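Work through the exercises below with the coordinates open. Each task is followed by its solution in steps.

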Amino acid sequence: MQRRHTDSAFEAELSELCERLVLMAERAAVMVETAVSALVARDTVQARQTLALDARVNRDELELDEMCLLLLAKRQPMASDLRLIAVVLKLVTDIERIADLAKNIAERVLDLNAEPPVREMEDVAQMSALVLEIYRESIAAFATLDVAKARTVIERDDEIDEAYHTLFRSMLQQMVSDSATVKRGIHVQSVVKYLERIGDHATNLAEHVIFVAEGLDIRHRGLASQEGGSDGQ
Amino acid sequence: MESEQEQEAGALGMASGSVLRGLPTGADGTSIEALGLNAFYGKKQVLCEVSMKIRGGCVTAVIGPSGCGKSTFIRCLNRMHELGAGARVTGRVALDGQDIYGPMVDPALLRRRVGMVFQEPNPFPTMSIRENVLSGLVMTGRLAAGQADEIVERSLRAAALWEEVRDKLKEPGLGLSGGQQQRLCIARALAVEPDVLLMDEPCSALDPIATARIEELIHTLAGKFTIVIVTHNMQQAARVSHDTAFFLGGALVELAPTNRLFTSPRDSRTEDYITGKFG
């Protein structure tokens, strides 16, 4: 069983920090869902709703940064507490970027809705569902410090990359065969690129989960580095 | 094969050249090795089978909760523990390979090589600043004629106190502030030219500024001496030491490079203690 901090106020502050990060992460997930739903339904209202949600995530970023700085100043954390707070400082940036990418998708929706439909978007919606599933798995891994789940997230990034390349090629073929679709096709390609980037941020999140739980920094080295110990030798 | 301390890596893989990477080390300093060290007060065992290597010219911090044996441990390193009533030691402590508990070893001579600074500054109350610095040499009859002034200045400079007291060397040591008194005690310990400096919570009675001065002093002494510091202040241990040893219940739990121990300790008991999940 995980031991609790002797200072219950510190325990509560760390718990609140994690809960607030998970809430922020879920808000960003809702933004992605709303943006892609707007894409599929050509719904300008939903697209504008997505843009409006970004301010709340930006506020989360500032508030979580402040919480981390206060915790560092007041508690001088060590070991896993220090790793957690350092990681939250990084994750808020990843999550804020996810919200920005959702906003970018919504902006492309507004561009696309100003013109005739270029194609069905069901396959883009499928890619979005895959990205969101993996992203939410990474959030769950963070919430429970589940290293096995985090490893799965990292491994599944290949699925997202494959979906991205398939959709990219599909749009490219359409633009080659019908030059009138180039402008709209580039917008759709941008959307799938944004989704692929969101998958990369989910991978970052999962890598940080492994660092918090085990003190093992696998960034830029991959899962195989876990076999070699944690000293960065 | 190099020990983990010798690799001096740090789990975070900091860029080489980072000031955070490490304090200066003195490869030629006196190393200390405890092997199966046990210490007792009467029937009560306060240290159990402690085996650890302290690198020469480095600063090693010893941390742990009250009663864990950390002060007893360093008192075994200059044979002060055995001065207590009913106190005894078994096992081996080697200074550069030589067993300090060997039959030919004179404890008084040993304590010249292994100086100690205590929790409360304790300058001799009837002595001036100058007399305090020279007291160790005077008491052991080793003060050569004509060397006193040079030794006083050198020792006070080494203890970062010279500029503050150079014009009042004949004034009582007790007239100094707490932090200055502690640096005077360090100067006194350095005057006999030890190889090792043991510090038993040297800053616990000092304010943050005086503490910072002592820590700065430890930085400058690192490399010239082997320093072992007992502290309750984990941030202090993290700031001043190359290696940190965590003691619990009289036993050594973990000895590791400080950079790693405070970011990714290997033993869950260390993790619990340094994150405040203890007791």
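pLDDT is the predictor's confidence in each residue, on a scale from 0 to 100. The model used here is predicted.

**Exercise 1.** State the mean pLDDT of chain A and find where pLDDT stays under 50.

Solution. Averaged over chain A, pLDDT is 94. A value of 70 or more is reached by 95% of the residues of chain A. In residues 227-233 of chain A, pLDDT stays under 50. For this stretch the model has twelve contacts beyond four places in sequence.

**Exercise 2.** Describe how helix 4 (residues 122-144) and helix 6 (residues 182-214) of chain A pack.

Solution. Two packed helices are described by the angle between their axes and the distance between the axes. Here the axes come within 9 Å and cross at roughly 15°. Angles under 35 degrees count as roughly parallel, so helix 4 of chain A is roughly parallel to helix 6 of chain A. The crossing is left-handed. By class, the contact has 16 nonpolar, three polar and no charged residues. Among them, helix 4 contributes A:Val131 and A:Ser138, and helix 6 contributes A:Leu195 and A:Gly199.

**Exercise 3.** Give the strand order of the six-stranded open sheet in chain B and identify its edges.

Solution. The order is 6-7-8-3-9-10, with mixed pairing. Strand 6 (114-117) and strand 10 (251-257) of chain B each pair on one side only, which makes them the edge strands. Neighbouring strands are turned by 20° against each other on average, direction ignored. Within the sheet, strand 3 (residues 59-63) and strand 8 (residues 226-230) of chain B run parallel and are joined by four bridges; B:Ala61 has B:Ile229 as its bridge partner in strand 8.

Conventions
Residues numbered from 1 in each chain as written. Chains lettered and ligands numbered in written order. Predicted model: local features only at pLDDT ≥ 70, side-chain atom pairs only at ≥ 80, totals over all residues. Pairing = 2+ DSSP bridges. Helix = DSSP H or I, 4+ residues; strand = E, 2+ residues; numbered from the N terminus. Axes fitted to C-alpha atoms, helices over the stretch in contact; angles between N-to-C directions. Contact = placed C-beta atoms within 7 Å. Parallel < 35°, antiparallel > 145°, perpendicular 65-115°, else oblique. Left-handed = near helix turned anticlockwise from the far one by under 90°. Nonpolar A, V, L, I, M, F, W, Y, C, P; charged D, E, K, R; others polar.
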